[in-house]
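Subject: Structure handover

Dear colleague,

Here is the structure you are taking over. My notes on what was found in it follow below.

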Number of protein chains: 2
Amino acid sequence: MISGSPQLAIQAVVEEFVREELSQENAHIAGAVWNMLDAGGKRLRPQITMLAARACEPDVPEDAVLASYMELIHVATLIHDDVLDNSDVRRGRESTNHAFGNRFSVLAGDYLFSWVFKKVTQSYASPVPTILAAMLAEICNGEVKQLRAAGNASLPPENYYEIIGKKTAELFAACAECGAIAAALRAGAAPGQQARDAQTVRALRAFGRSFGMAFQIRDDILDYTSTESQLGKPAGSDLREKKMTLPLIFALQDDGGELRRAVSSLFAFEDAAAHEAAHAFDTVLELVRSGGAIRRAAATAASYAREAEAALHALPLTPEREELCRIASTFRQFSF
Amino acid sequence: MISGSPQLAIQAVVEEFVREELSQENAHIAGAVWNMLDAGGKRLRPQITMLAARACEPDVPEDAVLASYMELIHVATLIHDDVLDNSDVRRGRESTNHAFGNRFSVLAGDYLFSWVFKKVTQSYASPVPTILAAMLAEICNGEVKQLRAAGNASLPPENYYEIIGKKTAELFAACAECGAIAAALRAGAAPGQQARDAQTVRALRAFGRSFGMAFQIRDDILDYTSTESQLGKPAGSDLREKKMTLPLIFALQDDGGELRRAVSSLFAFEDAAAHEAAHAFDTVLELVRSGGAIRRAAATAASYAREAEAALHALPLTPEREELCRIASTFRQFSF
């Protein structure tokens, strides 16, 4: 049972696992992983994996290893996210903190993915490995769609929801689902036949999926509303990458024409982060911040968070269900 | 049974598979895969997978799907190989044929890996998925070691053999091994208990491993001895990347001092492909070509090819065993 500070406890578990297992096999790649883990993060994914397992099977001991695998898959996607595009490098941004270089980053991420799959296929029965592989394919799918949607000022909200559903919510859904399935398997259910837990597993998957949507929308809001010191990265970085996120999409819906002109002018620059684009950039940022779009986006996040909480009603009342509910509720209480 | 031109037959099978299966799921990534498949290649990996299956279980129908997965894993590693390092871009090489950009290439490779793992975990029992995941981890391991060994003029041959064993031979070993195991499973052996075929599977894995060594050494020789039109890329590209391959390692062993001085001078340039490095580059190329190192490296490749052929003796005599033997034998007959 998780007690004390769950975040600290899980952080320690993941770090211990990386130290014990991964460092033994590949010290250089473990170094890149350390680098990412050191950079912070709330370890929400392993936390949800472990809570889902206990919410499903209260009597089965914690599976911190599966939870660590989920965090390592997340870390691998972050390492690959850090690979710069040629165009970024041309824009003079090669000096950002790419301590390891593109090639090493690609290899380190690939190694992590394959190492986790090796371990998972050795230790977890069907359908856990397939769920993880399918989830990773969906993340890539979402990222490709996001790449192609960049700079499209007419992107409908539906496409945005599809993108974040794939790139973010699928991983949270898989964390909750696999945590639950693995616990059911360890409790003695036959592989692929967790009938007695099927409803619980479905509910937890639904929880993870809705929670992931709320999580990403909140993240996209913070990119508009926070300061650099709060974010740990410059505010407006989505806009600089011409990413169409919900605050901008909603603001364009509400717009009388001024915002669309500013966005067109900004997106006409090959590099939206260039010095010459600064005026258009500031105008867009200001217009998105000052209208009602942020409140609408926050309401959407809150609605997904409520969906996540509602999904938990199918579960027996346990301290872990309560904790999942509490985590989701923080995503409907933030105000601007 | 494979008849006519095996290469053309397998090419058609892989392309059909990509068209039917992958294009349905993700057209953009299928486009990147097409791009790689169009660029040529001998489809040796799927060929060995299918021949190993038939050599192990002559009565089991061909499994062209598993063979296609092996080629797609190879294609995914090629797509990731194409990702440039920041430093390469700084050296003004961003104009090479990176039609898709680094970010898309990373995502396309990741998608392919995860899509193949999803399919394999759905369709193939243990230990096939684990062998593939472990193999991919070893490939990454080998590539990381190669990256770290670049520019180390004192690299011992043993380290070179370790690197190519991981980055190249493991995939051929897995092709032969998984082809055989999957055939045994389809013939009715229980998962993980292919006892009656254990010796055959071991022999085929050994074949693939030795063949892969011969294959990579030959490739590394050709980089020194061929012209650009023969290679489809500039000759000496390993040297330009400061890669320590067997011809250079052997030449340095035979050297009276002139080569080591030229190599030191070449590797002292941050960019061994820069205009100012041309003199040192030409000297190294000429010295490696003119000494006995190429012949020694060819003899080493031939010896691995003979090992591969010898491994096949454990198998019943079938047309497929003969074909595997013939393929390996071409790697001991090349002369310079």
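Two residues are taken to be in contact if their C-beta atoms, placed from the backbone, lie within 7 Å. That cut-off applies to the helix pair described next. Please keep in mind that this is a predicted model.

Helix pair in chain B

In α3(B), the residues B:Ile48, B:Leu51, B:Arg54 and B:Ala55 meet B:Glu320, B:Arg321, B:Glu323 and B:Leu324 of α16(B). By class, the residues of this contact between α3(B) and α16(B) are four nonpolar and four charged, with no polar ones. The helices themselves, α3 (residues 44–56) and α16 (residues 319–329) of chain B, pack at an angle of about 145°, and their axes are 8 Å apart. The crossing of α3(B) past α16(B) is left-handed.

Chain A as a whole

Chain A contains 16 helices and zero strands. Of the 336 residues in chain A, 51% are buried. Among contacts in chain A with a separation of 6 or more, 74% are between residues 24 or more positions apart.

Helix α7 of chain A

Helix α7 of chain A covers residues 128–149, which is 22 residues. At 1.5 Å a residue, α7(A) should span 32 Å, and the 31 Å between its end C-alpha atoms agrees with that. Most of α7(A) is covered, since 17 of its 22 residues are buried.

How the two chains meet

Between the chains, 39 residues of chain A are in contact with 39 residues of chain B. On the side of chain A that touches chain B, the elements giving two or more residues are α2 (27–38), α5 (86–90), α6 (102–123) and α7 of chain A. The most comes from α6(A), with 14 residues. That side of chain A divides into 19 nonpolar, 13 polar and seven charged residues.

Why can the copies be said to meet through the same surface? Because 100% of the interface residues of chain A are also interface residues in chain B.

To return to α7(A), this helix is mostly covered, and α7 of chain A is also one of the elements that give two or more residues to the side touching chain B.

Regards

Notes. Residues are numbered from 1 along each chain as its sequence is written. Chains are lettered from A and ligands numbered from 1 in the order in which they are written. This is a predicted model: local features need pLDDT of at least 70, side-chain atom pairs count only at pLDDT 80 or more; totals for chains, interfaces and linings use all residues. Helices (H or I, at least four residues) and strands (E, at least two) are DSSP runs, numbered from the N terminus. A residue is buried if 20 or more other C-beta atoms lie within 10 Å of its own, exposed if 12 or fewer, and partly exposed in between; C-beta atoms are placed from the backbone. Axes are lines fitted to C-alpha atoms, for helices over the stretch in contact, and angles run from 0 to 180 degrees between N-to-C directions. A crossing is left-handed if the near helix is turned anticlockwise from the far one by less than a right angle, and right-handed if clockwise. Ala, Val, Leu, Ile, Met, Phe, Trp, Tyr, Cys and Pro count as nonpolar, Asp, Glu, Lys and Arg as charged, and the others, Gly among them, as polar. The expected span of a helix is 1.5 Å times one less than its number of residues.
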